[in-house]
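Visitor: Please show me the model, and then let me put some questions about it.

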Amino acid sequence: MRIVDVCEVTKPIASPIRNAYIDFSKMTASLVAVVTDVVKDGRRVVGYGFNSNGRYGQGGLIRERFKDRILQADPNSLINDAGTNLDPHKIWSTMMMNEKPGGHGERSVAVGTLDMAVWDAVAKIEDKPLFRHLADMKGREANPKVFVYAAGGYYYPGKDNSALRKEMRGYLDRGYNVVKMKIGGASIDEDRGRIESVLEEIGSEAKLAVDANGRFDLETGIAYAKMLRDYPLFWYEEIGDPLDYALQAAISEFYDAPMATGENLFSHQDARNLLRYGGMRSDRDFLQFDCALSYGLVEYLRTLDVLRQFGWSPSRCIPHGGHQMSLNIAAGLGLGGNESYPDLFQPYGGFPDGVEVIDGHITMPELPGIGFEGKSDLIKVMRELAE
Ligand SMILES: O=C([O-])CC(=O)C(=O)O
Ligand SMILES: [Mg+2]
């Protein structure tokens, strides 16, 4: 059993939206395929992966460093002891050979993207949905029903509050009961008006989360905390610079209700520092580490170990990114749910065809691997890369 090829193509996922920090007018993502020599049901097993939105495609790093490390390794060093499957942990160590610690930059995105494809291949070789494989691996019961919330509410040229309300109404109509909008890209008074109009629209049918995308300094973060305290929000997200743990801790003195952060922390060491120094509260706050940006599931398993050491339940994790990989981790390892972007980042985000959101939850279909084969627009572009 061996990996015979690793392919990458960088695809546009551009849109005219803007958060408080970046616009998405030039956003791209890497799509990768890990091609094996295993044949199942007359078809070669190919694992697929892609990186989450918000960081750009990683074609340079994948093609110049990580691909060759996998292809040049002794194939026997990449499989499990029984010789029955690829070993994601060994492949991860091979990719990370001769990489210094710390300063994660964006190599974590490149490795996370390839790691997704490796796990897809592993679960296909096992002939199981990845979430079932993960639950079996950890000796736990999978729960195919996963909480999902609708992320959107971006700043968009010409978008007024009535368009924002209409967008949120659309999410409710599609079965969501938690929605998220951006803040921090307008004045605090304007943002208050946007929040009030969304709350008026959703009433008691749903809850609202707000996301500042790391825009605020301490003073602004506190000013917003005081404003947001007037409303019953689901969470206040990514207030300041992702690595400014003291800022995060200081805000907790001004904001009792739930906060969320972590989408821009890319390693278990950074996650540990957040729990050590960020003043996050394990009874109410949420952690949003996204494996597709942060060295993949092999690293995410280490992050979950760190959480356990610090007394956090995996159910406090609701990852960023809206991809099926995190849906599988949620269903298999007991995370609290997953983000979704109903109208954005297609065909990469979202659910397999026919999966509906009912009362804010989806039910995972029983598809081998991550489940990409069940999403027709996505598997089409994947098979164009390799099959
Ligand atoms: O706008 C973005 O970069 C995405 C984001 O923060 C989120 O989904 O939480
Ligand atoms: Mg965010």
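Visitor: Is Arg132 buried or exposed?
Guide: The model is a predicted one. Arg132 is found in helix H4, residues 130-137. Arg132 has 20 C-beta neighbours inside 10 Å, so Arg132 is buried.

Visitor: Which residues is Arg132 in contact with, leaving aside neighbours within four places in sequence?
Guide: Contact here requires C-beta atoms within 7 Å. With neighbours within four places in sequence left aside, the contacts of Arg132 are Ala142 and Gly332.

Visitor: How many Å apart in space are Arg132 and Pro368, C-alpha to C-alpha?
Guide: In sequence, Arg132 and Pro368 are 236 residues apart. In space, their C-alpha to C-alpha separation is 9.4 Å.

Visitor: Which residues does UniProt list for "active site", and what is the largest C-alpha distance?
Guide: The UniProt entry, which is unreviewed, lists Lys182 and His320 under "active site". They are spread over 139 residues of sequence but cluster in space, and the largest C-alpha distance is 14.0 Å.

Visitor: Is Lys182 buried or exposed?
Guide: Lys182 lies in strand E5, residues 178-182. Leaving out residues up to four places away in sequence, Lys182 touches Asn19, Ala20, Gly153, Tyr154, Tyr155, Asp211 and Asn213. Within 10 Å there are 26 other C-beta atoms, so Lys182 is buried.

Visitor: Where does His320 lie, and is His320 buried or exposed?
Guide: His320 lies in the loop between helix H10 (296-309) and helix H11 (324-333). Apart from neighbours within four places in sequence, His320 is in contact with Ser52, Glu263, Gln288, Asp290 and Glu339. Because 28 C-beta neighbours fall inside 10 Å, His320 counts as buried.

Visitor: Which residues are around ligand 1, and how many of the shell are charged?
Guide: The residues around ligand 1 are Asn19, Gly54, Ala151, Asp211, Asn213, Glu263, His320 and Glu339. One of them, His320, is listed by UniProt for "active site".

Visitor: Which element gives the most to the side of domain 1 that touches domain 2?
Guide: The domain assignment gives domain 1 (3-127) and domain 2 (137-385), with 23 Å between their centres, taken over C-alpha atoms. The contact takes 35 residues from domain 1 and 37 residues from domain 2. Strand E1 (3-12), strand E2 (28-40), strand E3 (43-50), helix H2 (88-95) and helix H3 (107-126) each supply at least two residues of the domain 1 side. The element that gives the most, with 11 residues, is H3.

Visitor: How many residues of that side of domain 1 are nonpolar?
Guide: The side of domain 1 that touches domain 2 includes 10 polar and six charged residues. The nonpolar residues there number 19.

Visitor: Where does the largest nonpolar core lie?
Guide: The largest nonpolar core has 110 residues, and those with the most contacts inside it are Val32, Val34, Leu114 and Val179. H3 provides the largest share of this core, 12 residues. Both domains give residues to this core, so it lies between domain 1 (3-127) and domain 2 (137-385).

Visitor: Which residues does Val179 touch, not counting residues up to four places away in sequence?
Guide: Val179 is among the residues with the most contacts inside the largest nonpolar core. Not counting residues up to four places away in sequence, Val179 touches Tyr149, Ala150, Met168, Tyr171, Ile202, Ala206 and Leu208.

Conventions:
Residues are numbered from 1 along each chain as its sequence is written. Chains are lettered from A and ligands numbered from 1 in the order in which they are written. This is a predicted model: local features need pLDDT of at least 70, side-chain atom pairs count only at pLDDT 80 or more; totals for chains, interfaces and linings use all residues. UniProt positions are given in the numbering used here, feature names are shortened, and annotations may be inferred rather than shown by experiment. Helices (H or I, at least four residues) and strands (E, at least two) are DSSP runs, numbered from the N terminus. A residue is buried if 20 or more other C-beta atoms lie within 10 Å of its own, exposed if 12 or fewer, and partly exposed in between; C-beta atoms are placed from the backbone. Two residues are in contact if their C-beta atoms, placed from the backbone, lie within 7 Å. A residue is near a molecule or strand if its C-beta atom, placed from the backbone, lies within 6 Å of it. Domain bounds come from an automatic or database domain assignment. Ala, Val, Leu, Ile, Met, Phe, Trp, Tyr, Cys and Pro count as nonpolar, Asp, Glu, Lys and Arg as charged, and the others, Gly among them, as polar. A nonpolar core is a set of buried Ala, Val, Leu, Ile, Met, Phe, Trp, Tyr and Cys residues joined through C-beta atoms within 7 Å.
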